[in-house]
Amino acid sequence: MRTQLVTIPTDTAPLEGALHEPDSGPVTGAALYFHGNTMNFYVGAARFLPPVLTRLGLVCLAFNRRGHDILSTRNSRTPEGGAFQSTREAIADNRIAAEWMKARGFDAPVVIGHSNGGMLGTRHVIDHPRTPALVLLSAGRGGKNAGTGGREGLFAGDRMDDLTERARTLVKAGRGRELMFMPGWWYVISAESFLDRIESVPDTIALAPSIKCPVLAVRGDKEEAERYPAEEFQRHAGGRCAVEIVADCDHFYNGREHVVANLVATWLEMTLNLGAR
């Protein structure tokens, strides 16, 4: 495949990403990849999926939302990244990336989202009903349960009540960008982003009936079904939904990348009728 780094303007910091194109043969369509919390365009599925997607003839854009990684800087010492993310901004970033692709002739790309990117993907597909297919890779439940840590003790862990109170106190005092440490991943977060996480993340199951395009929902067997509800999404989906549970597989698909890549490629090939290529 051919890869070029791209910069997509927004009303504040631009989105950085990689555009992957087939190095031969006809272009059959496009795909947008939405990364998970604190991830970016060059790790995880954003790294191992483009080679199989481009072999199907799909042009693939993987990009950083403004809420990428945990903390970062750009061309100054002003901090940015996942610690400051908001759902509103993330939804806008996905829309801006889709508009950037549309300007290049791809007005209805496939949407592939991992973890939080999958939750955001459900909202994006409803807002973009011409989306031909949606791939949910370990998409979380979202909604009012988005802050729960499950058996792994993620996010606020067993400190949800006192951290919520702390966040509300800081925001009320006009100190919403002040950072707080958390006992679980992603370890540090601004007060206003903490509240956004527990109040504004898309509710994957509630949105499922409104999603009419074909969906592939994937989960590793080492992940909690309650936290990553692929089968429950299937029961509520408004259209066709296939579920694949990958054996011996964690949330990041370590050591099982080839299995997940083949599942996604095979499903997209059949669903989009790309066999002719």
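The model is predicted, so local features are taken where pLDDT is at least 70 and side-chain atom pairs count only at pLDDT 80 or more, while totals for chains, interfaces and linings use all residues. Residues are numbered from 1 along each chain as its sequence is written, and side-chain values use heavy atoms, with hydrogens and water left out.

First, a word on helix pairs. Two packed helices are described by the angle between their axes and the distance between the axes. Here the axes are lines fitted to C-alpha atoms, over the stretch in contact for helices, and the angles run from 0 to 180 degrees between N-to-C directions. The helices (H or I, at least four residues) and strands (E, at least two) are DSSP runs, numbered from the N terminus.

Take helix 5 (residues 160–172) and helix 6 (residues 191–199): their axes come within 8 Å and cross at roughly 125°. That angle makes helix 5 oblique to helix 6; under 35 degrees counts as roughly parallel, over 145 as roughly antiparallel, 65 to 115 as roughly perpendicular, and the rest as oblique. On the helix 5 side, the contact (heavy atoms within 4.5 Å) is made by Met160, Leu163, Thr164, Ala167, Arg168, Leu170 and Val171. Helix 6 brings Ala191, Glu192, Phe194, Leu195, Ile198 and Glu199 to this contact. Sorted by class, the residues where helix 5 touches helix 6 are nine nonpolar, one polar and three charged. In this scheme Ala, Val, Leu, Ile, Met, Phe, Trp, Tyr, Cys and Pro count as nonpolar, Asp, Glu, Lys and Arg as charged, and the others, Gly among them, as polar.

The side chains of Arg168 and Glu199 form a salt bridge, at 3.7 Å from N to O; the term means a side-chain nitrogen of Lys or Arg within 4 Å of a carboxyl oxygen of Asp or Glu. Arg168 sits in helix 5 and Glu199 in helix 6, so this pair ties together parts that are 31 residues apart in sequence. Arg168 is partly exposed, at 46% relative accessible area, and Glu199 is also partly exposed, at 40%. For these labels, buried means under 20% relative accessible area, exposed means over 50%, and partly exposed is in between (1.4 Å probe, protein chains only).

How enclosed is helix 6 as a whole? Seven of its nine residues are buried, so helix 6 is largely enclosed by the rest of the structure. The buried ones are Ala191, Ser193, Phe194, Leu195, Asp196, Arg197 and Ile198. These buried residues of helix 6 pack against helix 3, helix 4, helix 5, strand 7 (179–181) and strand 8 (188–190). Setting aside neighbours within four places in sequence, Ser193 is in contact with Gly82, Ala83, Phe84 and Gln85.

Helix 3 (residues 87–102) and helix 4 (residues 116–127) have axes that come within 10 Å and cross at roughly 60°. That makes helix 3 oblique to helix 4, and the crossing of this pair, helices 3 and 4, is right-handed. Thr87, Ala90, Ile91, Asn94, Arg95 and Ala98 in helix 3 meet Leu120, Arg123 and His124 in helix 4. By class, the contact of helix 3 with helix 4 has four nonpolar, three polar and two charged residues.

Back to salt bridges: the structure holds 17 of them. One joins Arg175 and Glu178, with the closest N and O atoms 2.9 Å apart. Arg175 is partly exposed at 39%, as is Glu178 at 28%. Another joins Asp248 and Lys222, with the closest N and O atoms 3.2 Å apart. This pair links distant parts of the chain, 26 residues apart: Asp248 is in the loop between strand 10 (241–246) and helix 9 (257–271), and Lys222 in the loop between strand 9 (215–220) and helix 8 (230–236). Asp248 counts as partly exposed, at 48% relative accessibility. There is also a network of salt bridges, which links Asp11, Arg66, Glu89 and Asp93.

Key. Left-handed = near helix turned anticlockwise from the far one by under 90°.
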